[in-house]
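This report describes one assembly chain by chain and then turns to where the chains touch. Please keep the sequence and the structure at hand while reading.

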Amino acid sequence: MWNFPLFPDQASISARQVDALYFFELCMAAFFTILIFILIVSFAVRYRRGTQVDRSHPPVVSRWMEVIWIGVPLFLGLTMFTWGAILYVRDYEPPPGALEVYVVGKQWMWYVQHAEGRAEINELHVPLGQAIKLTMTSQDVIHSFYIPAFRVKQDVVPGRYTSLWFAPMKVGRYHLFCAEYCGTNHSGMVGWVSVMEPVEFQQWLSQAGTGPSVAEQGERLFVQYHCAGCHQGSQIVHAPRLEGVYGRPVPIQQGNEVHFTLADERYLRDSVLEPKREVVAGYQPLMPSFKDQISEQDLLKIIAYIKSIGAKEATR
Amino acid sequence: MTMEPVTADRRSAGKPIAAEDEPILEVQFDDLEQQHEASMLGMWLFLATEVLFFGGLITSYAVYRSTSPREVALASHHMKVGLGCLNTVILLGSSLTMALAVRASQLRAHRDLLWWLGGTMVLGTLFLGVKAIEYTAEYQENLVPGWNFQIPEENRATIEQEQLNPGRFQMFFVLYFFMTGLHAIHLIIGIALVGVMAYLSWRRWFSGGGATQIEVTGLYWHFIDIVWVFLYPLLYLIDVHS
Amino acid sequence: MSAVAVEFQEREDYLQEYTLKSWLLTTDHKRIGLLYMATITLFFFIGGATATVMRLELMTPQGDVLYSPDAYNRLFTMHGVVMIFFFLVPSIPAVLGNFLIPIMIGARDLAFPILNLLSWYILMIGGAIALWILIFGGIDTGWTFYTPFSTMFSNTMVVPAAAAVFITGFSSILTGLNFIVTIHTMRAPGMTWFRLPLFVWAIYATSLIQVLATPVVAIAIALVAVERVLRVGVFDPALGGDPILFQHLFWFYSHPVVYIMVLPGMGVVAEIVPCFSRRPIFGYRFIAFSSIAIAVLGFLVWGHHMFVSGQSMYAGMIFSMLSYLIAIPSAIKVFNWTATLYKGSVRLDTPMLYALGFIGLFTLGGLTGLMLASLAIDVHVHDTYFVVAHFHYIMVGGAVMAYLGGIHFWWPKMSGRMYNELLGKLSALIVFIGFNLTFFPQFVLGYLGMPRRYYEYPPEFQVLNVMSTAGASILAVGYVLPLVYLLLSLRNPPDAGPNPWRATGLEWQTTSPPPVHNFDEPPVVMEDPYAYSPEAAEALDDNGTGDGGSTLRR
């Protein structure tokens with residue numbers, strides 16, 4: 001009965017770093033709470049009504065004391081802020097080469113899609129020792145993807161992508177929770193993150209029906225929705241080629257000026273749903289919108305495909 | 001606009017005023033000056049809350065305008081700038097009549113007070129009339145969200161071509177109706193308040209001529225005017241030349 | 001005497017007349033304070049009932065007490081809405097503030113007595129709507145009403161709830177307005193700003209926040225209602241709206257509201273500690289200015305509720321830093337109150353127990369707030385029980401204890417009767433123990449990862465949840481006891497005397513209960529506040545009983 005945990009697993013590097021900061025702040029909190037407690041108790045005892053102690057000239061003001069108990073907390077506070085901010089900023093962007101995983105949250109389940117093809121529901125399998133980047137969106141209300149063991153959490157918002165990354169350092173099975181109230185089965189929108197040895201992960205990935213990878217599925221959708229008709233060399237329509245576009249700046253026509261925008265997941269998604277908002281310089285705004293025609297899952301697969309043709313040379 | 005307070009000298013120079021016609025001192029106050037100061041501060045604080053109230057809407061408008069400038073600009077072209085301008089003149093005029101009413105109350109000029117208050121009510125009602133005309137036109141043009149909203153014919157091509165967000169286009173009208181509607185509600189309350197003040201002044205209900213009460217009403221009226229002075233450029237004028 | 005004298009007749013004290021009309025149409029700030037006390041006590045126990053059922057459900061990892069998850073979701077939503085809007089926000093300002101502010105500054109009433117009564121009626125209307133909603137199924141959006149769930153997905157009475165919050169906001173605004181005008185314009189001769197009791201400073205700062213922040217949440221909730229009724233995309237991304245805009249508008253009020261809830265408690269503590277230490281407060285000006293600083297800084301930190309919402313990294317950093325800064329004025333207060341015990345003559349009467357409890361629990365709660373202010377830590381503990389524990393330490397361990405301390409301190413003044421001191425001390429102790437047992441385990445639960453608003457949870461979290469529920473049952477006893485013995489004290493004759501605590505402050509210079517217009521003669525203030533002397537206290541206590549020579553009945 002008494003075998004209950006007091007701290008979650010430290011299953012990632014950042015978990016250890018966050019815990020270190022937390023322990024520091026815990027010590028600060030404990031120190032000052034105990035200090036105040038001791039002061040109150042000792043004053044209340046020593047100066048209780050009826051004791052024979054010196055009560056002459058009780059001080060009512062002391063500039064230097066005020067300066068100390070403003071200055072010291074200020075210094076400590078700013079130290080804690082800086083430490084926390086550094087950790088946060090440093091871990092904001094994932095390192096290059098992170099393994100891509102796509103997540104769609106909807107009431108009340110997590111749909112997880114690996115780039116290599118396997119999809120899972122309410123489960124996330126990841127390899128040990130590698131950075132994993134999740135690109136996430138919601139199909140309905142705001143959810144939040146939370147893995148306590150990695151100390152990571154990110155709200156999953158409808159209408160946009162948010163991302164989170166982590167690098168698991170310990171094999172095991174860890175809780176996954178939805179951490180933003182989302183309706184009836186919010187408490188049930190939970191799952192498991194399984195960290196496996198890299199070899200086992202590869203095995204797992206290629207199991208359960210050797211289906212096409214996400215990028216390959218995306219390529220099929222790219223054809224199915226007739227994207228290829230314009231974007232892969234058309235005689236009739238002059239449309240930008242998409243090989244190598246991901247991750248690079250794209251020139252956008254705005255009135256008489258040309259601005260550059262980064263072709264990230266947001267740009268690719270907006271280009272499919274609202275293509276005439278950011279038209280590439282030198283092209284006509286001819287592309288139709290696919291809003292309400294492509295589901296979030298399919299859209300992620302198409303984007304995965306476009307990302308995959310970034311590295312290769314297209315020879316068509 | 002600062003008016004000179006009514007002092008004993010001015011009173012003796014003007015019309016005779018009954019010696020007992022001093023404002024009644026409410027029991028919680030120590031003297032008339034305190035009572036007057038409290039009334040003024042109270043109304044200024046209330047106006048501060050109204051600033052935050054409208055400010056929330058104006059902030060939302062500013063956010064949507066900065067993230068979707070094209071949609072908001074297109075939508076704002078449907079505003080009837082001429083009618084809005086007329087309304088601005090009307091409302092500014094009503095602030096003038098209100099200010100003159102405040103002055104009349106301080107000078108104990110009873111008839112002038114009633115005329116100026118009446119004029120304020122008339123101009124305020126005129127504003128509402130013009131607004132009603134605008135709302136009717138917008139209703140007929142199918143621009144009322146939640147009721148009969150449709151993207152207007154002349155904008156459909158542009159929205160199609162530039163792939164604009166129709167939700168954001170409609171959003172302009174949501175905020176337009178909410179902001180001007182809220183303003184109109186405040187104006188209706190203002191007209192009623194001025195009406196009540198006029199009636200009570202006519203019946204000589206107020207002790208001491210009611211100068212403080214009229215002045216407080218005047219503050220509220222001027223605030224309604226200032227809100228409009230912000231709404232008109234933000235909603236009507238801002239993209240008029242784009 | 002002017003014609004005004006004919007309209008009212010002096011009674012012996014303000015409680016004398018007892019017709020229903022004299023209560024429901026009163027403009028006496030003291031009676032209005034009592035009307036509020038009855039109202040918020042009712043809502044406190046309603047909110048407590050919802051909490052009781054929630055804690056019962058949370059004793060086991062499965063959902064087995066309630067008939068559906070929806071029931072739990074409605075319970076926690078109603079708990080938050082009722083406790084925040086209908087108990088905590090009014091509590092100290094509308095009960096103790098209404099009763100005491102005019103007396104403390106030497107005035108006969110507030111600046112706008114009829115507006116004061118109107119404020120109470122507005123609260124009653126909002127409260128009636130809330131009760132109606134509660135009876136007919138409640139809402140399930142969380143008190144935070146996040147969109148698009150609240151606008152497009154919830155199947156409960158969101159629009160009436162929005163109306164209730166909107167209406168009740170005006171009660172808060174008008175009360176704050178009344179206090180600011182009164183404090184500015186109606187102080188007695190000699191009552192300069194720096195002779196005001198610190199309770200007045202605290203209420204003044206609170207009123208500033210009430211007046212400026214509440215209108216913004218009114219607009220936010222009105223836009224939620226607009227979106228829900230008209231099905232237009234204000235905050236719903238599917239229709240072109242921005243859900244994060246709602247969060248900004250909401251938290252712009254809802255962060256300052258926590259200072260509305262805690263600042264008055266700090267004011268109460270500043271009155272109690274000097275009285276029961278028999279010495280002047282340490283650092284009067286620092287405490288006074290820190291109240292204003294908290295009010296101002298409180299408007300600048302709302303984004304710390306949104307670190308993982310998708311807001312920019314830079315916004316997060318600015319809000320985090322400002323959140324650390326706002327700890328400083330609170331730290332100043334805690335140190336100053338503690339220093340007030342030094343070289344005092346301390347006696348641990350019931351109000352003092354509550355005040356000292358406040359200092360300890362507020363310190364702990366506030367320091368855990370610093371953990372939440374840290375970006376890196378907050379990513380982990382946001383939306384977990386860590387946050388729940390933090391705010392309950394401040395709101396319950398802080399604000400509610402200060403409210404109870406204030407009720408006990410000023411009970412003899414308000415009613416003319418004294419309560420049973422032994423029961424008072426016992427209740428304070430039960431509350432302190434029950435409170436810590438309820439909420440301390442929740443810090444651990446939160447860091448372990450248990451999310452908020454969950455009624456089912458992994459089995460390894462059960463032991464801590466059982467501890468929390470056990471604590472809640474003790475806490476409940478601690479809250480019911482004062483209701484009983486305070487009401488029972490009204491059966492005694494009103495013989496507490498004008499100043500049973502031998503406290504300074506104008507409220508103690510008049511009878512208990514006070515006359516209708518507070519003072520027989522308008523007071524003139526000539527000395528600084530908290531003019532206590534610990535050596536004099538010792539000297540007075542020469543009958544050997546250790547009771548300080550007070551006139552208390554036991």
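How many helices and how many strands are there in chain C? Chain C holds 19 helices and zero strands. Everything below refers to a predicted model.

## Chain C: overall form

Along the principal axes, the C-alpha atoms of chain C fill a box of roughly 70 × 55 × 45 Å.

Of the 554 residues of chain C, 65% count as buried. Among contacts in chain C with a separation of 6 or more, 84% are between residues 24 or more positions apart.

## Helix H9 of chain C

Helix H9 of chain C covers residues 243-254. Its twelve residues should span 16 Å at 1.5 Å a residue, and the end C-alpha atoms are 16 Å apart, which agrees.

H9(C) is mostly covered, with eleven of its twelve residues buried. The buried set includes the aromatic residues C:Phe246, C:Phe250, C:Trp251, C:Phe252 and C:Tyr253. C:Pro243, C:Gln247, C:His248 and C:Ser254 are also among the buried residues of this helix. What do the buried residues of H9(C) pack against? Within chain C, they pack against helix H8 (198-230) and helix H10 (256-277). They also pack against helix H2 (32-67) of chain B.

## Chain B

Chain B has eight helices and zero strands. Read along the sequence, its pattern is α-α-α-α-α-α-α-α. The C-alpha atoms of chain B fill a box of roughly 75 × 30 × 30 Å along the principal axes.

Of the 242 residues of chain B, 39% count as buried. Residues 24 or more positions apart make up 79% of the contacts in chain B with a separation of 6 or more.

## Chain A: domains

The domain assignment divides chain A into domain 1 (8-42 + 63-92), domain 2 (99-206) and domain 3 (214-308). Between domain 2 and domain 3 of chain A, the C-alpha centres lie 26 Å apart. Twelve residues of domain 2 are in contact with nine residues of domain 3 in chain A.

Which strands supply at least two residues each to the side of domain 2 of chain A that touches domain 3 of chain A? They are E1, E2 and strand E5 (132-138) of chain A. E2(A) gives the most to that side, with three residues. By class, the side of domain 2 of chain A that touches domain 3 of chain A has five nonpolar, six polar and one charged residue.

An open sheet of three strands in chain A has the order E12-E11-E13, with antiparallel pairing. Strand E12 (257-262) and strand E13 (279-280) of chain A stand at the edges with a single partner strand each, so one side of each is left without a neighbour in the sheet. Strand E11 (residues 249-254) of chain A runs antiparallel to E13(A), and two bridges join them. In E13(A), A:Val280 is the bridge partner of A:Ile252.

Helix H7 of chain A (residues 296-308) has 13 residues. From its first C-alpha to its last it reaches 18 Å, close to the 18 Å expected at 1.5 Å a residue. Residues buried in H7(A) include A:Leu299, A:Leu300, A:Ile302, A:Ile303 and A:Ile306, and the lysines A:Lys301 and A:Lys307 are also among them. The buried residues of H7(A) pack against strand E1 (99-106), strand E2 (109-114), helix H4 (214-224) and helix H6 (265-273) of chain A.

## Contacts of chain A with the other chains

In the contact between chains A and C, 72 residues of chain A meet 76 residues of chain C. Helix H1 (13-46), helix H2 (63-90), strand E6 (143-147), strand E7 (152-156) and strand E9 (172-178) of chain A each supply at least two residues of the side that touches chain C. That side of chain A has 46 nonpolar, 16 polar and ten charged residues.

Chain A also touches chain B: six residues of chain A are in contact with four residues of chain B. On the side of chain A that touches chain B, two residues are nonpolar, one is polar and three are charged.

Notes. Residues numbered from 1 in each chain as written. Chains lettered and ligands numbered in written order. Predicted model: local features only at pLDDT ≥ 70, side-chain atom pairs only at ≥ 80, totals over all residues. Contact = placed C-beta atoms within 7 Å. Nonpolar A, V, L, I, M, F, W, Y, C, P; charged D, E, K, R; others polar. Helix = DSSP H or I, 4+ residues; strand = E, 2+ residues; numbered from the N terminus. Buried ≥ 20, exposed ≤ 12 C-beta atoms within 10 Å, placed from the backbone. Expected span 1.5 Å × (residues − 1). Pairing = 2+ DSSP bridges. Domains from an automatic or database assignment.
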